[in-house]
Amino acid sequence: MLAAELDDHLETEAEAGLGNRHNGSSKKTMLTGSSKLTRDIPRDRLGTFDPKLIAKYQRRFPDFDEKIISLYARGMTVREIRGHLEELYGIDVSPDLISTVTDAVLEAVTELQGRPLDACYPLVFFDAIRVKIRD
């Protein structure tokens, strides 16, 4: 995704007449809530590329753990989540990392599922009649 973002950036600069090109990549370690991920961030020769997905000086990958938990809550297996993250972000995440993230919230989930239910839950029904009146 970052490479596609750089290609788009280079196309807009080529239209403006600047001779900017690819210049390899640099390694960047991103911190998530439970682990570290190492990514290759593509560069351009003029240094004008500023990625949107992972900003230049950003060290934390926001909501990464929440995305894993969301996929797990939807019934996906650890291997399916791994494949999904690899397709979306190009991140090769170990199944152990996904298990660690989901295990961190399993305690809260089982507590929520095991809570006692209230004796009575109020329900409110709204009803309306639409009458078309012509003068």
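## Basis of the model

The model is predicted, so local features need pLDDT of at least 70 and side-chain atom pairs count only at pLDDT 80 or more, while totals for chains, interfaces and linings use all residues. Residues are numbered from 1 along each chain as its sequence is written, and side-chain values use heavy atoms, with hydrogens and water left out.

## Overall fold

The chain contains four helices and two strands. Helices (H or I, at least four residues) and strands (E, at least two) are DSSP runs numbered from the N terminus. In sequence order the pattern is α-β-β-α-α-α.

Of the 135 residues in the chain, 26% are buried. Buried means under 20% relative accessible area, exposed means over 50%, and partly exposed lies in between, for a 1.4 Å probe and protein chains only. A contact means heavy atoms within 4.5 Å. Among contacts with a separation of 6 or more, 52% are between residues 24 or more positions apart.

## Helix H1

The 14 residues of H1 should span 20 Å at 1.5 Å a residue, and the end C-alpha atoms are 20 Å apart, which agrees. The expected span is 1.5 Å times one less than the number of residues in the helix. Leu-2, Glu-5, Leu-6, His-9, Leu-10 and Glu-13 are the buried residues of H1. They fall within an arc of 135 degrees seen down the axis, so they line one face of the helix. The arc is that of the directions from the helix axis to the C-beta atoms. An α-helix has 3.6 residues a turn, so residues three or four places apart point the same way.

The cover over the buried residues of H1 includes S1 and S2. On the face turned away from the buried side, H1 carries the exposed residues Ala-4 and Glu-15. Just after H1, Gly-17 has a positive phi of about 95 degrees.

## The loop between H1 and S1

Gly-19 is in the loop between H1 and S1, and Gly-19 is exposed, with a relative accessible area of 65%.

Asn-20 is placed in the loop between helix H1 (2-15) and S1. In contrast to exposed Gly-19, Asn-20 is buried, at 8% relative accessible area. The side chain of Asn-20 makes a polar contact with the side chain of Thr-48, at 3.3 Å. A polar contact is a pair of N or O atoms within 3.5 Å; within protein, one must be able to donate a hydrogen and the other to accept it, and residues adjacent in sequence count only if both atoms are side-chain atoms. Leaving aside residues up to four places away in sequence, Asn-20 touches His-9, Leu-10, Glu-13, Asp-44, Arg-45, Leu-46 and Thr-48.

The structure has one salt bridge. It joins Asp-40 and Lys-27, whose closest N and O atoms are 3.0 Å apart. Asp-40 lies in strand S2 (residues 36-44) and Lys-27 in strand S1 (residues 22-31), so the pair ties together parts that are 13 residues apart in sequence. A salt bridge is a side-chain nitrogen of Lys or Arg within 4 Å of a carboxyl oxygen of Asp or Glu. Asp-40 counts as partly exposed at 40% relative accessibility, and Lys-27 as exposed at 64%.

Ile-41 also lies in strand S2. Ile-41 is buried, with a relative accessible area of 9%. Not counting residues up to four places away in sequence, Ile-41 touches Leu-2, Gly-24, Ser-25, Ser-26, Lys-28, Pro-51 and Ile-54. From C-alpha to C-alpha, Ile-41 and Leu-6 are 9.6 Å apart in space, and they are 35 residues apart in sequence.

The largest nonpolar core has nine residues: Leu-37, Ile-68, Leu-71, Ile-81, Leu-85, Tyr-89, Leu-97, Ile-98 and Val-101. Helix H2 (64-73), helix H3 (78-89) and helix H4 (95-113) are the elements that give two or more residues to this core. A nonpolar core is a set of buried Ala, Val, Leu, Ile, Met, Phe, Trp, Tyr and Cys residues joined through side-chain atoms within 4.5 Å.

The buried residues of H3 are Ile-81, Leu-85 and Tyr-89. They cover an arc of only 35 degrees around the axis, which puts them on the same side of H3. The exposed residues Arg-79 and Glu-87 sit on the face of H3 turned away from its buried side.
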